[in-house]
Amino acid sequence: MLNNNYKKGLLAIDKYNYSMAIDHFNNAISKNILDEFAYLKRGIAFKCLNENQNAINDFNNVIKLNKNNYEAYFQISETYMSEYLLNPDNKKLLELSLINNNNAIELNKEYYEAFELRSKIHFQMGEYKKAFNLSKSLFDKNPRLSEAYRIMTNSHDLLINEFDKKQSNKDYYISSILTFFIITIVIISSIIFVINYWRWA
């Protein structure tokens, strides 16, 4: 049976009143320090307030209490992704996000949200082919996954742009070589003409 403070905390989250939710979950935890779900939901409330370190601490407490809680790993992954979007120069955050995401998927192979986040991580890493393949596979299974569709189309567009750029560079390289050979032939022909002209003059 859910304790009253925990239920109040859930209601506060539903109403986007995250500070109040944290207060209720604090009360729930004070009465039962082993309540992994209170830690999890309090962590989510912290994450919604962008108090990411507090959120990660709570999610890690969940894992200490239950190492098979895949949602805690997912929440850590999502928190690190949020941190990365605020600090895009810190690639370590993406690596940490991917590690925790992999843990979540290992524990729940049907966790579509985690797969969706994984495709987003690969996209941010610049691994557009992986991002495209993952998101397309997800979208094929469930066309309602709008985030998967967005990542799929964005990855596709960037892959096309990369191909066009490579093709353009290749065409430029071939064109430059042909131009060089033509100029070289013209110069050699001119030299031969001049030499022959002076020889027979």
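Which residues form one aromatic cluster? Select Tyr70, Phe74 and Tyr111, which form it. Rings of Phe, Tyr and Trp (its six-membered ring) pair if their centres lie within 6.5 Å; planes under 30 degrees apart count as stacked, over 60 as edge-to-face and the rest as tilted.

The model is predicted: local features need pLDDT of at least 70 and side-chain atom pairs count only at pLDDT 80 or more, while totals for chains, interfaces and linings use all residues. Residues are numbered from 1 along each chain as its sequence is written, and side-chain values use heavy atoms, with hydrogens and water left out.

**Tyr16 and Tyr18**

Over the whole structure, a search finds 5 aromatic pairs. Tyr16 and Tyr18 form an edge-to-face pair, 6.4 Å centre to centre with 75° between the planes. Tyr16 is located in the loop between helix 1 (4–14) and helix 2; helices (H or I, at least four residues) are DSSP runs, numbered from the N terminus. Tyr16 counts as exposed because its relative accessibility is 63%, whereas Tyr18 is buried at 16%. Here buried means under 20% relative accessible area, exposed over 50%, and partly exposed in between (1.4 Å probe, protein chains only). The phi of Tyr16 is near 65°, a positive value in a residue other than glycine.

**Ile56**

Continue into helix 4 (residues 52–65) and select Ile56. At 5% relative accessibility, this residue counts as buried. Beyond its neighbours within four places in sequence, Ile56 is in contact (heavy atoms within 4.5 Å) with Thr79 and Tyr80. A C-alpha to C-alpha distance of 9.3 Å separates Ile56 from Ser77, 21 residues apart in sequence.

**Ile33**

Ile33 is in the loop between helix 2 (18–31) and helix 3 (36–48). With a relative accessible area of 57%, Ile33 is exposed.

**Helix 7**

Finish at helix 7 (residues 112–124), whose 13 residues reach 19 Å from first C-alpha to last. That span is close to the 18 Å expected at 1.5 Å a residue, the expected value being 1.5 Å times one less than the number of residues. Buried residues in helix 7 include Phe115, Leu117, Arg118, Ile121 and Phe123. Just after helix 7, select Gly126, which takes a positive phi of about 85°.

Key
Helices (H or I, at least four residues) and strands (E, at least two) are DSSP runs, numbered from the N terminus.
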